[in-house]
Every structure is written in C-alpha cells, then in structure tokens.
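Q: I'm new to this one. Can you walk me through it, starting with a charged pair?

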Amino acid sequence: MKREQVKEIANAILYEGYLLYPYRPSAIKNRQRWTFGVVYPREYSVANGESEPWVMRTECLVASQGNEQTTLDITVRLLHLLLRTARQPGTDTSSQVQADETRSMASQLAYEPYEEGIEREIRITDLSLQSLLTQPRNETISFPGQRIVENDVVREQLPIEGNVRLSAELVAHDLYKLTVHIENTTPETAVVAQRHNAVLLQSFVSTHTLLHVEQGAFISLIDPPETSLVAARDCQNLHTWPVLIGDEGETATLLSSPIILYDYPQIAPESPGALFDGTEIDEILALRILTLSDEEKAEIRKGDERGREILERTESMTPEQFMKLHGTIRSLRPVDEEG
C-alpha cells in the first residue's frame, strides 16, 4: 500500500470527532467532540488524581532482517487545538460579544468560541534499530501559541510541550520489542484542574503513531505466530492499540491507534470523503446534510473549512454516487443445507 493511502487511513483516526453532524458551531451535539487519543498535560492530570492520562505508550514487536540494516521511520501525529471566536460585524476586537436577549439559542451558540485543530507531526526518520538498544532516542514536542485575526474571526492557540522517547530491547533471536513513549509536559496547567474544556487547548488530541520499518517486519499483536506469542503478550500498551496497516499480508507498517481496530483497516472505497462522525454511515449522513435549512448551510459555510468541504461535496453528489453508498456487500459465504 502506498504511503498516501496509509496516511488517508491515519487521517480518519486523526479527525475522528473533529466535526459532528450537523457540522455547525451552534449545534449542541458539537459541544463534546474530543474523546479519542487525548494526552493531557501532566500537571493537570496529577491535579485530578491522574484519572485522565498524560502518557501514551506503544509497545510492539519488530523482526529484524539484517540487524544493522534494519531502520525505522516513526511519526507521532496529533491535533493542536485553537479557539475560534466569531465576532459580530462592528464589534470591537477587544470587547466580548454580547448576546441579544431576543436572539435564538442557535444564534447565540454560533458566536460562542469554537475549537478547531491544526495538524502536528513529530517525525524521526532513518533510525537504526540497533542504536536504540544501547542509546534510547528522545525527541522534544514543542509548538508555540499564536493569535490570528481574519475579518470577523479570531483564532487563538496556546503552546504545547512534551517528549517522545524511543527505545528497543532484544526479546528473542532477531526479535525486538520497540517502545514509543509519548508524554505531555506542558507547564502551568494545574490551574485549570476543574476546567476540562480549557485544558484541551494544551492537550495532544487524536494522538496516534505511524511506524515503518525497512529490512524488517512488524509482528501482529492480535494474531502473532506461535513463536512470538509470549513476547506479544508481554507488550503493554497504554491508551493505544497497534495494528498492521496496508494491504493484507504486508508487515512493513504499523498504526498505533487510540481507537480499537483490527489488522489492515480499510476505508470503504464507496466513501466520497471524510465525514468525521463516529461510526459514520455515509449514505445517512449525506441525506441528512441535504435536509439542512438554508440558514444552517450558511452557518456551515462561514465556519470550519472542513465543514464547508463536506457541504459542497454532498451538494454536488450525483444520483449514481448516492447509489454506490447503498447496499454494498463485502463478502458472501455459503449457506449450509439446514440454513
């Protein structure tokens, strides 16, 4: 499988929950979206009794096919949230939007701060597996804050900090356990201990890891061979599930996902594009989008660019494309004589 296809599957994880139907800020459903792969700041987590994780750890097995020649590419991906605030026309940039008592609840919510996400990647390439046996690798996660003003929209982002630690150990002949340890060390976050939504702006959201090996092979932790069964059971993963990714039988790439998956997850070929909604059913969501009022569609167009793309793509779908979403059969099995 090409890396572009692998990344497409990974993006389905990255943006799970990013937008939820009906894809507009005033929708009550969109108040709680970030539930997968959240790595909270350590200070905040400790202040809350560590009930919410500040660490994500992947442990997986790599079979070497040449020792010194075995190399790894490891990419940690996450969303760095920002707060988007829409100002009413004529409102001063330093003043807070005042809700008109006569305005509907939907109109009030449309002007409330709304979270968007920026993709972040920490990539370590051409890393020797052998070198990790004696010298673990540490990579810093550091992304600054920013404030962007565009027309009547203000986007503000807080800085985030953390670390990625990589290490390996020999567990059998030519078999290694690889560890990717991610932690959020963003400082001065204990003060928001009782403000869950506020701390999300300094959390790693939808965190997951892509691992690729050259001159080696990853071992399935779901269905390991008998010779690797004990080593697979000893792998301890925190808040993530490593699965093989690619075409069936390929072993060069692993996705460590915050959502439980089987080996070789695939995106349905009939799907015309991402809808971001948990357990999405493309046909139903597409039909629901077409039932939105003109006012609701106008709000989507003024909002997030991904929401606009969903709306425009759905409105331009042909009857033939809708038919492809309906009644697909993946496989058939014989029915026994008694069936």
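Predicted model: local features only at pLDDT ≥ 70, side-chain atom pairs only at ≥ 80, totals over all residues.

Q: Where in the chain do Glu-119 and Arg-77 sit?

A: Glu-119 is in strand S3, residues 114–128. Arg-77 is in strand S2, residues 71–86.

Q: Is Arg-77 buried or exposed?

A: Arg-77 is buried, because its relative accessibility is 1% and the cut-off for buried is under 20%. Glu-119 has 35% relative accessibility, so it counts as partly exposed.

Q: How many salt bridges does the structure hold?

A: It holds 16. One of them joins Glu-309 and Arg-313, with the closest N and O atoms 2.6 Å apart.

Q: What separates Glu-309 and Arg-313 along the helix?

A: About one helical turn, because they are four residues apart in helix H9, residues 305–315. Glu-309 is partly exposed at 39% relative accessibility. Arg-313 is buried at 14%.

Q: Which residues are joined into one network by shared partners?

A: Lys-7, Arg-77, Glu-119 and Glu-121. Salt bridges that share partners connect them.

Q: Let's zoom out. How many helices and strands are there in the chain?

A: The chain has 10 helices and 12 strands. Of its 339 residues, 47% count as buried.

Q: What about the surface?

A: The chain exposes about 18,000 Å². Carbon and sulfur atoms supply 49% of that area.

Q: And among contacts between residues at least 6 apart in sequence, what share joins residues at least 24 apart?

A: That share is 72%.

Q: Now sheets. In what order do the five strands of the open sheet run?

A: The order is S4-S7-S8-S1-S10, and the pairing is antiparallel. Strand S4, residues 137–143, and S10 stand at the edges. Each has a single partner strand, so one side of each is left without a neighbour in the sheet. The twist averages 25° from one strand to the next.

Q: How many bridges pair S1 with S8?

A: Nine, in the antiparallel sense. S1 covers residues 55–64 and S8 covers residues 175–184. Leu-61 has Lys-177 in S8 as its bridge partner.

Q: What does Ile-219 touch?

A: Leaving out residues up to four places away in sequence, Ile-219 touches Leu-61, Ala-63, Leu-175, Pro-224, Pro-225 and Ser-228. The C-alpha atoms of Ile-219 and Leu-254 are separated by 9.2 Å, and these residues are 35 apart along the chain.

Q: One last residue. Where is Ser-206 found?

A: Ser-206 is in strand S9, residues 205–214. Ser-206 is buried, with a relative accessible area of 1%.

Q: What is Ser-206 in contact with?

A: Beyond its neighbours within four places in sequence, Ser-206 contacts Ile-13, Leu-14, Glu-16, Phe-36, Gly-37, Val-38, Arg-77, Leu-78 and Leu-79. That list includes Arg-77, the salt-bridge partner of Glu-119.

Definitions and conventions. Residues numbered from 1 in each chain as written. Heavy atoms only, no water. Salt bridge = Lys/Arg side-chain N within 4 Å of Asp/Glu carboxyl O. Helix = DSSP H or I, 4+ residues; strand = E, 2+ residues; numbered from the N terminus. Buried < 20%, exposed > 50% of the residue type's maximum accessible area, 1.4 Å probe, protein only. Contact = heavy atoms within 4.5 Å. Areas by Shrake-Rupley, 256 points an atom, 1.4 Å probe, with all protein chains shown as cover. Pairing = 2+ DSSP bridges. Axes fitted to C-alpha atoms, helices over the stretch in contact; angles between N-to-C directions.
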